[in-house]
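Hello,

Here is the structure I promised to pass on. Please open it alongside this message, and my notes follow below.

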Amino acid sequence: MKLTIEYYAQLRDEAGCGSEATETSCLNPAELFAELNARYSFSLKQAQLRVAINDSFAHWDSPLNEGDLVVFMPPMAGG
Amino acid sequence: MFALIDTQTDLIQLRDELTDHSAGGYVSFEGWVRDHNEGQQVLKLAYEAYPLLANKEGGKIVHEAMDKFEIIKAACVHRTGLLEIGELAVWVGVSSAHRDAAFSACRYIIDEIKVRVPIWKKEYYVSGDSGWVDCEECAKHGHVHSHGEHR
C-alpha cells in the first residue's frame with residue numbers, strides 16, 4: 001500500500017526530508033518505523049517517539065491503511 | 001483557546017479576552033527564551049510544530065483545565081519560528097472567581113503543554129553548535145540526548 005510519511009525535528013534532519021511517499025507492506029507503525037530505521041539509522045528509539053495517523057495520535061500497533069499519513073514525532077519539547 | 005503564533009503578540013489583548021464580571025482575578029505564565037541551557041550559552045532558538053496535531057492537543061489540554069478546575073476562561077498561545085533571547089515563547093492565562101483554581105489551572109496547562117503538544121525546540125549556541133532539545137520529562141527518565149554535539 002501507499003503511505004505518506006512525515007518527520008519532525010531531529011527525525012527530519014536524519015531522514016534528510018520532511019515528507020516522503022512510500023510503498024510498504026507493513027501492517028502497523030511499529031513495523032513501518034523498523035523498516036525506515038533500517039534505511040536511516042535514527043538516533044531515537046521507537047520507545048522515545050510518538051506516532052500519529054491522519055493527524056491523530058495512534059498506537060504502535062494501530063492498523064495502517066492505503067493513503068494514510070503517518071507522522072513520527074521525537075519527544076515533545078515545547079514551552 | 002489554544003493557538004500557535006508565528007510573530008510576537010499583544011499580551012494585553014490576550015489578557016482582555018479573559019476578563020469576565022464573575023472573575024475575581026487572573027493568573028498568567030510567560031515562558032521566555034533564556035540565554036543558557038545545560039551549561040551552554042544560547043544565542044537564539046527555533047520552535048517547530050506539527051500544526052494540526054499541536055492545535056488539537058493544545059485545545060484539548062485547555063478544555064481539560066476548564067473541566068478540572070473552577071475557572072472561568074483559559075487560553076494558551078505558543079510561538080513557532082526563530083526567537084531571540086528574551087522573547088515570549090509561550091503564554092498561559094486563566095481567569096477565575098478565586099485565585100487557587102487559577103494558579104492550579106495555569107500550572108496544569110503549562111505542564112501538560114510541555115509534554116503532550118508536538119512542538120520541538122532547536123537551540124543555537126554561542127559556540128556555533130546547535131541541537132534539538134529533548135523534553136524535560138524524557139531527560140528525567142534518563143533517555144539519551146538525541147544530539148551529543150551540545151552536551
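In which sense do strand β1 (residues 2-7) of chain A and β5(A) pair, and over how many bridges? They pair in the parallel sense, over 4 bridges. Within that pairing, A:I5 stands opposite A:V70 in β5(A). Please keep in mind that this is a predicted model.

**Chain A**

Chain A has 2 helices and 5 strands. Read from the N terminus, its elements run β-α-β-α-β-β-β. The C-alpha atoms fill a box of roughly 35 × 25 × 20 Å along the principal axes. A compact globule of 79 residues would have a radius of gyration near 12 Å, and chain A has 12 Å, so the two agree.

The sheet of chain A is open and has 5 strands, in the order β2-β1-β5-β3-β4. Its pairing is mixed. At the edges are β2 (19-23) and β4 (56-58) of chain A, and each of these pairs on one side only. From one strand to the next, the twist averages 35°.

β5(A) also pairs with strand β3 (residues 50-53) of chain A. This pairing is antiparallel and has 4 bridges. Here A:R50 has A:M73 in β5(A) as its bridge partner.

Next comes the hairpin. β3(A) and β4(A) run antiparallel and are joined by 3 bridges. A:V51 stands opposite A:A58 in β4(A). There are 2 residues between the strands of this hairpin, and A:N54 takes a positive phi near 50° there.

As background, strands of a sheet pair through backbone hydrogen bonds, either parallel or antiparallel.

**Chain B: the sheet**

One sheet in chain B is open and has 4 strands. Their order is β1-β5-β7-β2, again with mixed pairing.

β1(B) runs parallel to strand β5 (residues 73-79) of chain B, and 4 bridges join them. B:I5 stands opposite B:R79 in β5(B).

**Chain B: the helices**

Helix α2 (residues 51-68) of chain B lies across β1 and β5 of chain B. It runs at about 145° to β1(B).

α2(B) also meets helix α3 (residues 99-116) of chain B. The two axes come within 10 Å and cross at roughly 155°. The helices are therefore roughly antiparallel to each other. The crossing of α2(B) past α3(B) is right-handed.

Which residues meet there? From α2(B) come B:E57, B:G58, B:I61, B:V62, B:A65 and B:K68. From α3(B) come B:A105, B:Y108, B:I109, B:E112, B:I113 and B:R116. The residues of this contact divide into 7 nonpolar, 1 polar and 4 charged.

**Where the chains touch**

How many residues does each chain give to the contact? Chain A gives 16 residues and chain B gives 25 residues. On the side of chain A that touches chain B, α1 (9-15) and β5 (69-73) of chain A each supply at least two residues. The residues on that side of chain A comprise 10 nonpolar, 5 polar and 1 charged.

Best wishes

Note on methods. Residues numbered from 1 in each chain as written. Chains lettered and ligands numbered in written order. Predicted model: local features only at pLDDT ≥ 70, side-chain atom pairs only at ≥ 80, totals over all residues. Pairing = 2+ DSSP bridges. Contact = placed C-beta atoms within 7 Å. Axes fitted to C-alpha atoms, helices over the stretch in contact; angles between N-to-C directions. Nonpolar A, V, L, I, M, F, W, Y, C, P; charged D, E, K, R; others polar. Parallel < 35°, antiparallel > 145°, perpendicular 65-115°, else oblique. Left-handed = near helix turned anticlockwise from the far one by under 90°. Rg over C-alpha atoms; globule rule 2.2 N^0.38 Å.
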